[in-house]
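Please go through the structure below with the sequence at hand. The paragraphs that follow take the ligand site and then the packing of the helices.

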Amino acid sequence: GELLAGKNIIVMGVANDRSIAWAIAQSLAEQGARLAFTYESERVEGRVRKLAETIPNSIILPCNVTVDEEIDKLADNLKSEFGVLHGIVHSIAFAKAEDLAGEFVATSREGFALANDISVFSLVAVSQRLAPLMTEGGSIMTMTYMGAERVMRNYNVMGVAKAALESSVRYLANDLGPKAIRVNAISAGPIRTLAAKGISDFNSILKQVEEKAPLRKTTETAEVGDTAMFLLSHLSRGITGEVIYVDGGYNIVG
Ligand code: 0WD
């Protein structure tokens, strides 16, 4: 059956076909959702458009999440294209390369602000402006990483941003719950994507997971996609404010 038939969902954060957001989109489309993709800038528009064309009935809209006017415009566009919105996939993060290596203590004020603006506040800004379109209730999900809870080498400012993101999920869940809007995060194991290119020594991180995770393998984007589908569906209706690990169990071992 189609678990997401009649559901309109926005997917933010597709950069290429390796993006976690792209795997999530596949899982959602498989269950009959209608999708709107956003792209950050002209730099990625072509790639996103090409991918979106493979999903029937989907649309694409611009939105750089650092610009309030672009989020306002996105809300207007979605209202006229979809009317009602049922789901938001937030799969966006950014930090300067220099802040993803060496010591966290060296983080600059500017680098700290940028990482938190794009990776954390964007979830608040988007929820704020799109929740009013969720008149039939809804589900919002974002992507986080274990670096929020534990010190992981080189993750640095992004770990601090993910901690703020997970806390934001709880506060948003509490505010939006009375409107039947749920807010959750998936904490994924490391996956080789464009964003992962910014993390130095990523290979040894993957190797550790293969050796130590209970499932003895690294995380695949399709696994994240299917959990995201669950979170956007009626099946997860009792879950909000939660961080769900999709990491082969790595977080439970040393
Ligand atoms: O191991 C991993 N890859 C993990 C990723 C493990 C656990 C969590 N995550 C998280 C990331 O932190 C991020 O929140 O998953 C999310 C998606 O990351 P991804 O799929 O690994 O990476 P990528 O394919 O690069 O998508 C992130 C995208 C950006 O890509 P680029 O590489 O062009 O920066 O976020 C988008 C952009 O498409 N993005 C923006 N979108 C709108 N406005 C902006 C912006 N200002 N900046 C970045």
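Predicted model: local features only at pLDDT ≥ 70, side-chain atom pairs only at ≥ 80, totals over all residues.

The shell around the ligand is made up of 17 nonpolar residues, 7 polar ones and 1 charged one. In total, 25 residues surround the ligand, and S19, A93, M143, T193 and A195 are the closest. The scores for the model are ipTM 0.97 and pTM 0.98.

Helix α1 also packs against another helix, α7 (residues 221-232): their axes come within 7 Å and cross at roughly 55°. That angle makes α1 oblique to α7, because angles under 35 degrees count as roughly parallel and 65 to 115 as roughly perpendicular. The crossing of the pair is right-handed. On the α1 side the contact uses I20, A23, I24, Q26, S27 and L28, while α7 brings T221, A222, V224, G225, D226, A228, M229 and L232. By class, the contact of α1 with α7 has 9 nonpolar, 4 polar and 1 charged residues.

Next comes helix α4 (residues 109-130), which packs on helix α5 (residues 156-176) at an angle of about 20°, the axes being 9 Å apart. Angles under 35 degrees count as roughly parallel, so α4 is roughly parallel to α5. The crossing of α4 and α5 is right-handed. From α4, the residues in this contact are G111, F112, A115, N116, S119, V120, L123, V124 and S127; they meet V157, M158, A161, A164, L165, S168, L172 and L176 of α5. The contact of α4 with α5 divides into 12 nonpolar and 5 polar residues, with no charged ones.

Helix α4 has a further partner in helix α3 (residues 68-82), with an angle of about 35° between them and their axes 10 Å apart. Here, too, the crossing is right-handed. Which residues of α3 and α4 meet? In α3 they are D68, I71, D72, A75 and L78, and in α4 they are A125, V126, R129 and L130. The contact of α3 with α4 holds 6 nonpolar and 3 charged residues, and no polar ones.

Key:
Residues numbered from 1 in each chain as written. Axes fitted to C-alpha atoms, helices over the stretch in contact; angles between N-to-C directions. Helix = DSSP H or I, 4+ residues; strand = E, 2+ residues; numbered from the N terminus. Parallel < 35°, antiparallel > 145°, perpendicular 65-115°, else oblique. Left-handed = near helix turned anticlockwise from the far one by under 90°. Contact = placed C-beta atoms within 7 Å. Nonpolar A, V, L, I, M, F, W, Y, C, P; charged D, E, K, R; others polar. Near = placed C-beta within 6 Å.
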